[in-house]
Amino acid sequence: MVRVAVVAVLLGSVHLLLHRRLVRATGMTGRWARVTDGVLVLGWASAVTAAAVGTVAPVAWIRPVGFAGLTWMAAVFYLVLGLAVLGIVLLVLRVAGRPAPSVRLRWLRAATGVLVVAAIGTALYGVGEAAEPRMVHAKVALPDLPPEFDGVRVAVLSDLHVGPARGAGFTREVVDMVGAQRPDLIAIVGDLADGTIEHVGEDLRPLADLTAPLGVYGVAGNHEQISDDVGDWLSYWESLGITALRNSRVEVRRDAGVVDVAGTYDYSAEAPYEPDLGAALAGRDPARFVLLLAHQPKQVDDAAAAGVDLQVSGHTHGGQMWPLRHVVEWVHDTEITGFDTVGDTTLFTTYGAGAWGPPVRVGAPPEVVILELTRPS
């Protein structure tokens, strides 16, 4: 409840600023002022409610409110961004001393109206983009891949983020997408839920239908720790048939060939779930090919130092909502989507299938990836 209270205060401050800018600064009065303030109050209330969905409140009956509140927050993001740009333009006009105050007010009203329409329109567009994960096929040539694994198809699944906005129906859609591809191996790289096992666990139940001849493996992301206990979440995954990699590895065999599939806890995880790649790779044949599951692409530096051949990651969402991609790129030293190379290690980072917070994506389409591993020709 403390978290929800903090969110309520912070969002209240943002909405108060929006009131001052949208209503008072434009001189809006009468019915339109009341309507605008009513929308701001309802938006604030639904966004605060969304903060409680899946953590302190059940999701089944309240998820539509959470969906609406989180979508509203995407519109608020674009409103604040646009208002900041307008503020800079107004400052320049004021310093320049033109046009006249009355003309500036008319310009302000017109520009604000256009901005409101654009912000809401962008958020609604983003809802549509986020609702339809695409199936992506990619090939990667790996010099040390055993001949027996040439052509192996790995389904990379990440960042479902079921909870406040999406539930079992979304999980089922993604599971069916993966199943239709008949992959040889499935790699799940974290952030499956935003909520507790008690409130959100059932929304992941369709994952029990994931099957692959070489196995289904998963590692925790940062949101497994944010929402509940990491160990408990991984145990729940195991009850669904997923092999949880807890700073550990398994030997995967295909005919006479063998590779190591390893996985570590998340880069930012706290005790007792700190990532330990050394423990994951302990005792292995150093000449054997290694596929590493690690939620954050930041973990590739350690992977390269340890001689990992291929790391698959998620986490970044490609920024999720433009222009946040540029911020995410600044935070990471590697490509935040697609392929990159660090030392002798190949890194693949997926956009992920879901969306964190607002069920909105703009310029960062959700995806499920089939990664075909090949030997260089």
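## Salt bridges, cores and surface of a predicted model

R249, E251, R253, D260, R284 and R288 are tied together in a network of salt bridges, a salt bridge being a side-chain nitrogen of Lys or Arg within 4 Å of a carboxyl oxygen of Asp or Glu. Before going on, a word on what you're looking at: this is a predicted model, where local features need pLDDT of at least 70 and side-chain atom pairs count only at pLDDT 80 or more, while totals for chains, interfaces and linings use all residues. Residues are numbered from 1 along each chain as its sequence is written, and side-chain values use heavy atoms, with hydrogens and water left out.

**Salt bridges**

The count of salt bridges comes to 13. For the labels, buried means under 20% relative accessible area, exposed means over 50%, and partly exposed is in between (1.4 Å probe, protein chains only).

| Pair | N to O distance | Arg partner | Glu partner |
|---|---|---|---|
| R205 and E202 | 3.2 Å | R205, 37%, partly exposed | E202, 54%, exposed |
| R246 and E238 | 3.0 Å | R246, 27%, partly exposed | E238, 37%, partly exposed |
| R249 and E251 | 3.9 Å | R249, 21%, partly exposed | E251, 39%, partly exposed |

The R249 and E251 pair also belongs to the network that takes in R253, D260, R284 and R288.

**Overall build**

The protein has eleven helices and twelve strands; helices (H or I, at least four residues) and strands (E, at least two) are DSSP runs, numbered from the N terminus. Along its principal axes, the C-alpha trace spans about 80 × 45 × 40 Å. How does the radius of gyration sit with a compact globule of 377 residues? The globule would come out near 21 Å and the protein has 23 Å, which agrees. That radius is taken over C-alpha atoms, and the globule rule is 2.2 Å times the number of residues to the power 0.38.

Of the 377 residues, 53% count as buried. Take contacts (heavy atoms within 4.5 Å) between residues at least 6 apart in sequence: 76% of them join residues at least 24 apart.

**The nonpolar cores**

A nonpolar core here is a set of buried Ala, Val, Leu, Ile, Met, Phe, Trp, Tyr and Cys residues joined through side-chain atoms within 4.5 Å. The largest one holds 34 residues, and L157, L160, L204, L207 and L210 touch the most other members. At least two residues of this core come from each of β2 (153–157), α5 (168–181), β3 (185–188), α8 (230–239) and β12 (367–374). Another core, of 27 residues, lies apart from it, with L145, V156, L293 and L310 among its members.

Which residues does L157 contact, once neighbours within four places in sequence are left aside? The list is V174, A187, I188, V189, L207, L210, A353 and V368.

**Some buried spots to look at**

Two of these are in helix α3, which covers residues 63–96. T71 sits in that helix and counts as buried at 10% relative accessibility. Not counting residues up to four places away in sequence, T71 touches A123, V127 and P359.

With neighbours within four places in sequence set aside, V76 contacts V14, H15 and L18. L18 is 58 residues from V76 along the chain, and their C-alpha atoms are separated by 8.7 Å.

For a strand example, go to T349 in β11 (residues 345–349). Is T349 buried or exposed? T349 is buried, with a relative accessible area of 0%. Leaving aside neighbours within four places in sequence, T349 is in contact with P297, S313, G314, T316, E335, I336, T337 and G338.

**Out on the surface**

The protein exposes about 16600 Å², with carbon and sulfur atoms supplying 61% of it. These areas come from the Shrake-Rupley method with a 1.4 Å probe; for residues, only the protein chains shown count as cover.

W32, V35 and V39 make a nonpolar surface patch of about 310 Å². Patches are made of residues with over 30% relative accessible area and no salt bridge: like charges are joined within 9 Å, nonpolar side chains (Val, Leu, Ile, Met, Phe, Trp, Tyr) within 5 Å. Of the trio, V39 is found in helix α2 (residues 30–52) and is partly exposed, with a relative accessible area of 41%.
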